[in-house]
Amino acid sequence: MDILFNYLQYPFVRYALIVGVLIALCAALLGVPLVLKRFSFIGDGLSHVAFGAMCIATVLRMTNNMILVLPITVLSAVLILRTGTNTKIKGDAVIAMISVAALAFGYLIMNLSNTPNVSGDVCTTLFGSTSILTLTLGEVWMCIILSLLVLVLFVLNYNRIFAVTFDENFARAVGTDTEKYNLLISVITAVIIVLAMNLVGSLLISALIIFPAISAMRLYHNYKQVTIAAAVLSVAAAFAGMIVSILAGTPVGSTIVAADVLVFAVCWIIGARNGR
Amino acid sequence: MALLEVNDLSLGYDGKAIVEHLNFKVNAGSYLCIVGENGSGKTTLMKTLLHLQKPLSGTINYGDGLKPDEIGYLPQQTEVQRDFPASVYEIVISGCQSRLGRRAFYGKEEKALAADAMRRMAIEDLKDRCYRDLSGGQQQRVLLARALCAARKIILLDEPVSGLDPKVTAELYKLIEDLNREGVTIMMVSHDISTALRNATHILHIGSSVFFGTRQEYLSSKIGRMFLEQEGGEH
Ligand SMILES: Nc1ncnc2c1ncn2[C@@H]1O[C@H](COP(=O)(O)OP(=O)(O)O)[C@@H](O)[C@H]1O
Ligand SMILES: [Mg+2]
């Protein structure tokens with residue numbers, strides 16, 4: 001406990017906790033419609049695109065890499081949505097192609113440029129390692145503002161996101177602009193993924209989006225409860241994961257994801273006992 | 001003026017027509033039943049009328065200032081919805097989505113409307129139940145209640161009774177009939193030709209040949225008699 005309070009005196013630790021909790025919250029909220037719409041693969045594809053963009057930013061030695069990574073990822077989200085709903089091209093194949101291409105070229109660019117510590121940088125980008133503790137004040141504010149924006153957008157569009165997720169055809173038939181809301185969902189997803197890169201790295205982001213939603217669905221059976229439960233479980237897992245990682249010196253990202261997996265296992269058992 | 005008027009409509013997918021040169025009119029308060037063999041394009045017609053897909057040619061005119069947000073729709077059941085975590089109430093009130101306008105949340109009016117729709121469909125006691133735990137008949141009532149929330153003037157039903165047992169089927173038809181009596185215009189796709197002929201005011205038959213007319217006209221038409229015999233033999 002003393003050690004923990006000691007750590008909490010450092011502003012960078014407090015920043016990390018605030019940012020981590022906000023990101024976990026946003027990821028879980030969006031995770032519910034993404035999982036239900038069978039869109040979770042989009043999150044996976046986008047996280048790899050974000051990795052590629054991050055590599056470019058690193059090679060260019062940009063001080064604030066979000067300025068490059070955010071627009072590229074958002075743009076890819078829009079493109080993926082367009083092709084994903086096109087029946088002529090296999091949407092999932094396109095996403096798989098984009099995502100592995102981004103991974104390969106990202107790593108290639110990193111190696112070709114003479115950055116001093118390639119494997120370290122790549123590892124950080126993929127797994128997040130310690131970068132959450134090295135956030136600058138500017139990055140912290142950017143994270144806070146973007147996550148609050150995501151939260152507000154989500155709450156204001158909650159009923160429409162439900163409508164479009166539950167039955168897109170019905171929504172369109174009664175005059176809802178479903179394309180607009182699908183676009184909103186994918187742009188928000190892109191923003192969350194870019195934010196979450198700092199926390200867990202690009203390989204583990206999907207876990208942050210998928211696990212809380214699936215866990216909550218084991219426990220509750222209406223949409224509102226599932227959404228709230230996913231948010232609570234995700235925040236709890238992220239918080240616990242960060243504390244453990246600070247105390248035990250384990251990598252932040254994988255500790256948080258491990259906590260999410262643990263939560264899922266518990267929810268799965270509870271769900272099984274309730275006869276599901 | 002007719003609520004809906006279709007002129008020389010052709011529909012299909014990727015430029016290939018399934019049904020061509022459709023002409024029919026739906027007047028306010030009428031009960032149109034759409035019949036035809038499996039795969040003849042009944043669902044496709046519904047989707048085209050709802051602007052879920054583009055017609056290949058021809059026009060669809062909504063008269064009397066009918067707007068998309070005055071139409072209720074009960075889609076043909078899809079498997080995707082079945083594992084969705086949503087309560088009956090959440091689904092029913094989502095029928096009010098077009099009334100939100102610029103607002104973010106449902107107000108008193110929408111809540112009252114949803115409560116009324118659930119009362120009419122006799123599913124008030126299922127309000128907080130999970131949709132996927134309900135029986136097929138109960139699920140159809142929920143979707144019908146949702147359609148009611150959306151429908152101010154006309155309601156389109158795509159095979160509302162498929163997969164239901166005879167008792168539930170009869171109940172559901174009764175509910176639809178009551179709605180029609182209350183002044184809601186009905187357009188229903190149905191397999192079940194005998195009921196269609198009992199309740200409907202007009203029949204649209206699509207398939208290799210097309211027929212549109214009143215129930216009486218259909219009964220005395222060649223295509224109607226043929227279809228009746230064929231279907232009658234199956235049951
Ligand atoms: N999305 C689609 N793309 C291409 N063809 C389709 C599609 N949906 C249905 N069809 C075809 O259109 C025809 C009519 O289908 P449908 O309207 O569902 O018939 P019904 O509802 O009368 O049984 C069928 O031959 C079906 O195979
Ligand atoms: Mg059909």
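Two strands pair if DSSP finds at least two bridges between them; strands (E, at least two residues) and helices (H or I, at least four) are DSSP runs, numbered from the N terminus. The model is predicted, so local features need pLDDT of at least 70 and side-chain atom pairs count only at pLDDT 80 or more, while totals for chains, interfaces and linings use all residues. Residues are numbered from 1 along each chain as its sequence is written, chains are lettered from A and ligands numbered from 1 in the order in which they are written, and side-chain values use heavy atoms, without hydrogens and water.

**Exercise 1.** Describe the surroundings of ligand 1.

*Solution.* 
1. The residues around ligand 1 (a heavy atom within 4 Å) include Tyr13(B), Glu37(B) and Lys42(B).
2. By class, this shell has two nonpolar, six polar (Gly among them) and two charged residues.
3. Helix α1 (residues 42–49) of chain B gives the most, three residues.
4. Polar contacts are pairs of N or O atoms within 3.5 Å. A polar side-chain atom of Thr43(B) lies 2.7 Å from an oxygen atom of ligand 1, and a backbone N or O atom of Gly41(B) lies 3.1 Å from an oxygen atom of ligand 1.

Definitions and conventions: A polar contact is a pair of N or O atoms within 3.5 Å; within protein, one must be able to donate a hydrogen and the other to accept it, and residues adjacent in sequence count only if both atoms are side-chain atoms.
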